[in-house]
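Dear colleague,

Here is the structure for your files. My notes on it follow below.

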Amino acid sequence: MEKNSGPLSPHLQIYKWQFSSLLSITHRLTGTINTVGFFVIVLWILFLALGPEYYNFYQTFLRSFIGKFILVGFTWSFVYHMFNGIRHLAWDFGYGYEIKTANLSGIIVLFLSILTTFFIWII
Amino acid sequence: MKNHALNKWIIQRVSAVVLMPLLLFFLYSLVDLVNKDYTGALDFFDNYLSIIIFTLFLIFAGLHLKLGLGEIIEDYIQDERLKGVLNKIIMLYSAVLPVVGIISLIIIIL
């Protein structure tokens, strides 16, 4: 069987955990979670178009404790991905590569994502 | 081939920048919308700005997620056949969702 011998990314099971790699993996993880969140959003718009029975059914679920928990979780995931995305864009332009800077910007991203989620939902 | 990869790289970044204000508007209105009933939600879309922002969000998010998931597949899947199948699923997913969303928006405003 012919196999592609192209390089693969480090296998996560044997990779030594560091703060920087954890944030990097979280970027991809939240990106993937966001695609599911996107599905939830489209379903919401679809149910609104289908009429009040569908919409109210969905809305009741979203307003429940589990529904709210899921929405807040998706919100954090989206916001984290956005802030960490800005970090990635800075790297694309050649800024912030120093280990100290990268760690600091990582902490800022984590802090901002939690703060923004809090602001969006509480205030 | 080289230009193709470069195009993907650029589109991924441009769509990311475009999505930032759209996402913030979207999340901010979401919290408001969760507490509204059916007629309240319809009222929200009785406004061209909401419709335009939601439509742009659907298009750019679809584009961005297609490229992002494709990149993950490229990095972690070695088997060419499996890669091909997964890429087709991603293509379908990233196209169907925005189309369904936009058709729904059209039904809502009509």
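Among contacts in chain B between residues at least 6 apart in sequence, what percentage join residues at least 24 apart? The figure is 74%, where two residues are in contact if their C-beta atoms, placed from the backbone, lie within 7 Å.

This is a predicted model, in which local features need pLDDT of at least 70 and side-chain atom pairs count only at pLDDT 80 or more, while totals for chains, interfaces and linings use all residues. Residues are numbered from 1 along each chain as its sequence is written, and chains are lettered from A and ligands numbered from 1 in the order in which they are written.

Chain B overall

Chain B has four helices and zero strands, in the order α-α-α-α from the N terminus. Helices (H or I, at least four residues) and strands (E, at least two) are DSSP runs, numbered from the N terminus. The C-alpha atoms of chain B fill a box of roughly 50 × 25 × 25 Å along the principal axes. Of the 110 residues in chain B, 21% are buried. A residue is buried if 20 or more other C-beta atoms lie within 10 Å of its own, exposed if 12 or fewer, and partly exposed in between, with C-beta atoms placed from the backbone.

Helices H3 and H4 of chain B

The axes of H3(B) (residues 48-76) and H4(B) (residues 80-109) come within 9 Å and cross at roughly 175°. Axes are lines fitted to C-alpha atoms, for helices over the stretch in contact, and angles run from 0 to 180 degrees between N-to-C directions. The crossing angle makes H3(B) roughly antiparallel to H4(B); angles under 35 degrees count as roughly parallel, over 145 as roughly antiparallel, 65 to 115 as roughly perpendicular and the rest as oblique.

Tyr48(B) lies in H3 of chain B. Tyr48(B) counts as exposed because it has 9 C-beta neighbours inside 10 Å. From Tyr48(B) to Leu65(B) is 17 residues in sequence and 25 Å in space, C-alpha to C-alpha.

Contact with chain A

In the model, 26 residues of chain B are in contact with 29 residues of chain A. On the chain B side, H1 (2-34), H2 (38-44), H3 and H4 each supply at least two residues. That side has 19 nonpolar, four polar and three charged residues. Here Ala, Val, Leu, Ile, Met, Phe, Trp, Tyr, Cys and Pro count as nonpolar, Asp, Glu, Lys and Arg as charged, and the others, Gly among them, as polar.

In chain A, the buried residues of H4(A) are Val109(A), Ser113(A) and Thr117(A).

Regards
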